[in-house]
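Please view the sequence and the structure first, and then read the points grouped by topic.

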Amino acid sequence: MAMLQVRDMDDRLYDRLKFVAKLDNRSISQQVVTILQDYFTSVHSKTKNATEEFLRLAGTWEDSRPTEEIIDDIYSSRVNSTRFEALDGIFD
């Protein structure tokens, strides 16, 4: 049977591993094997790429108007605000 040795493990991680192994009535070695088995037998969904994933979640812009008309509409809907004008040098 193969052996695995892990070096330079963070003490907090080791303590957590030891704690979980004790809760599950396993040795630390048994707990590591169980964690690895669970990890490798579970189905992992891989993201293709961040941009594709974002576009899939966000949808797409559908508008039959020409670009110039859309831009004009955006500019005309903007409103000037005095929200951040200073009063006595402090924002209200």
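A pocket is defined on a 1 Å grid over the protein atoms alone as an open set of points with protein on both sides within 12 Å along at least five of seven lines, whereas a cavity is a set of points where a 1.4 Å probe fits but cannot get out. By this definition, the largest pocket holds about 250 Å³ of space. The model is predicted, so local features need pLDDT of at least 70 and side-chain atom pairs count only at pLDDT 80 or more, while totals for chains, interfaces and linings use all residues. Residues are numbered from 1 along each chain as its sequence is written, and side-chain values use heavy atoms, with hydrogens and water left out.

**Overall architecture**

- The protein contains four helices and two strands, where helices (H or I, at least four residues) and strands (E, at least two) are DSSP runs numbered from the N terminus.
- Along the sequence, these elements follow the pattern α-α-α-α-β-β.
- Of the 92 residues in the protein, 5% are buried; buried means under 20% relative accessible area, exposed over 50%, and partly exposed in between (1.4 Å probe, protein chains only).
- The protein exposes about 9500 Å², and carbon and sulfur atoms supply 55% of this area; accessible areas come from the Shrake-Rupley method with a 1.4 Å probe, and for residues only the protein chains shown count as cover.

**The largest pocket**

- Lining residues have an atom within 4 Å of a point; for the largest pocket they include A2, M3, L4, Y14, I28 and V33.
- α1 (11-23) and α2 (28-41) each supply at least two residues of this lining.
- The largest share of the lining, four residues, comes from α2.

**The nonpolar surface patch and the aromatic pair**

- L4, V6, L36, Y39 and F40 form a nonpolar patch on the surface, and their accessible area together is about 560 Å².
- Patches are made of residues with over 30% relative accessible area and no salt bridge, with like charges joined within 9 Å and nonpolar side chains (Val, Leu, Ile, Met, Phe, Trp, Tyr) within 5 Å.
- L4 lies in the segment before α1 and is exposed, with a relative accessible area of 64%.
- The structure holds one aromatic pair. The ring centres of Y39 and F40 are 5.1 Å apart and their planes stand at 80°, so the pair is edge-to-face.
- Rings of Phe, Tyr and Trp (its six-membered ring) pair if their centres lie within 6.5 Å; planes under 30 degrees apart count as stacked, over 60 as edge-to-face and the rest as tilted.
- Y39 is partly exposed, at 45% relative accessible area, whereas F40 is exposed, at 63%.

**Residues with positive phi**

- D8 has a positive phi of about 55° although it is not a glycine. D8 belongs to the segment before α1 and is exposed, with a relative accessible area of 82%.
- N25, likewise not a glycine, has a positive phi of about 55°. N25 sits in the loop between α1 and α2 and is exposed, with a relative accessible area of 72%.

**Salt bridges**

- Four salt bridges are found in a search of the whole structure; a salt bridge is a side-chain nitrogen of Lys or Arg within 4 Å of a carboxyl oxygen of Asp or Glu.
- D10 and R12 meet through their side chains in a salt bridge of 3.3 Å, N to O. D10 is partly exposed at 37% relative accessible area, and R12 is exposed at 67%.
- R26 and D24 form a salt bridge of 3.2 Å, N to O. R26 is partly exposed at 32%, as is D24 at 38% relative accessibility.
- In the salt bridge between D63 and R65, the closest N and O atoms are 2.8 Å apart. Salt bridges that share partners join D63, R65 and D73 into one network.
- D63 is partly exposed at 30% relative accessibility, and R65 is partly exposed with a relative accessible area of 28%.

Definitions and conventions:
Grid points are joined across faces, edges and corners, and a volume is the space filled by probe spheres set on the points.
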